[in-house]
Amino acid sequence: MALDHPGQLDVGAYARAAEGQLVGGDRALVLPGAGFYLLAVIDVLGHGPEAHQLASRIENFLRGHLSEKPLKLINILHQHLHGSRGAVVSLARFEPASGDLRFVGIGNAVGRILGPRHQHLLTKEGVLGHTLRSPREEHLCLTEGDLLLIYSDGVSSHFETSDYRHIHGDPAEIVAREVVRRFGKPHDDASCIAMRPLS
């Protein structure tokens, strides 16, 4: 998917199921709120229809709690998933007007900022619905030239940008798809969000 907001944001999201599966447990969501976007990469444990069903449940929960800040949202989602197979979730709340970004990641998904600066965003070990130890919210400001990537562990975690030379020139919708296509693991669900602020 891609959202067109000239002068604010270029964003794309893409998810696909593992080989041999019609549906999967990964979701890449860009949910608009009042003056912000909630970005969510969801990776439910396991594959197939049951994982897909839980991913849908998580998506519905997030849509119903958009006003919550990421740290609180992670905590209440953890409680909501108690007794389920569990999920790895990364949340980012971005305000285009200010460039303000708040990020919370639980599990082995990856958050990276590429561009003039290269930075890995903090993720904490855990599985929502099972184990959550002291999640932490990272707060920073994105500026023009920054490219935010959030992707599940179905994508090779530390790929080199030299292996995708047009990553800074392609639209975010294409970047999200190409990251999964080029670096995704065939036998795992994979998802990616790409986002860059615009002047």
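Visitor: Which ring does the charged end of Arg112 sit over?
Guide: The ring of Phe159. The charged end of Arg112 is 4.8 Å from its centre. Bear in mind that this is a predicted model.

Visitor: And what does the charged end of Arg93 sit over?
Guide: The ring of Phe36, 3.6 Å from the ring centre.

Visitor: Back to rings. How many aromatic pairs are there in the whole structure?
Guide: The search finds 2. Tyr151 and Phe159 make a tilted pair, with 5.5 Å between centres and 40° between the planes. Phe159 also pairs with Phe183, and that pair is stacked: 4.1 Å centre to centre, 5° between the planes.

Visitor: What does the Phe159 and Phe183 pair tie together?
Guide: Parts that are 24 residues apart in sequence, because Phe159 lies in the loop between β13 (147–151) and α3 (172–183), while Phe183 is in helix α3. Tyr151, Phe159 and Phe183 form one aromatic cluster.

Visitor: Is Phe159 buried or exposed?
Guide: Buried, because its relative accessibility is 5%, under the 20% cut-off. Phe183 counts as buried too, at 10%. Tyr151 is also buried.

Visitor: New topic: Glu138. Where is Glu138 found?
Guide: In strand β12, residues 138–141. Glu138 is buried, yet has no salt bridge.

Visitor: Which side chain of opposite charge is nearest to Glu138?
Guide: Arg136, 5.9 Å away.

Visitor: Then which side chain has a polar contact with Glu138?
Guide: Gln119, at 3.3 Å. Leaving out residues up to four places away in sequence, Glu138 touches Leu101, Arg102, Phe103, Gln119, Leu121 and Leu122.

Conventions: Residues are numbered from 1 along each chain as its sequence is written. This is a predicted model: local features need pLDDT of at least 70, side-chain atom pairs count only at pLDDT 80 or more; totals for chains, interfaces and linings use all residues. Side-chain values use heavy atoms; hydrogens and water are left out. Helices (H or I, at least four residues) and strands (E, at least two) are DSSP runs, numbered from the N terminus. Buried means under 20% relative accessible area, exposed over 50%, partly exposed in between (1.4 Å probe, protein chains only). Lys and Arg count as positive and Asp and Glu as negative; His and the chain ends are not counted. A salt bridge is a side-chain nitrogen of Lys or Arg within 4 Å of a carboxyl oxygen of Asp or Glu. A polar contact is a pair of N or O atoms within 3.5 Å; within protein, one must be able to donate a hydrogen and the other to accept it, and residues adjacent in sequence count only if both atoms are side-chain atoms. Contact means heavy atoms within 4.5 Å. Rings of Phe, Tyr and Trp (its six-membered ring) pair if their centres lie within 6.5 Å; planes under 30 degrees apart count as stacked, over 60 as edge-to-face and the rest as tilted. A charge sits over a ring if NZ of Lys or CZ of Arg is within 6 Å of the ring centre and within 35 degrees of the ring normal.
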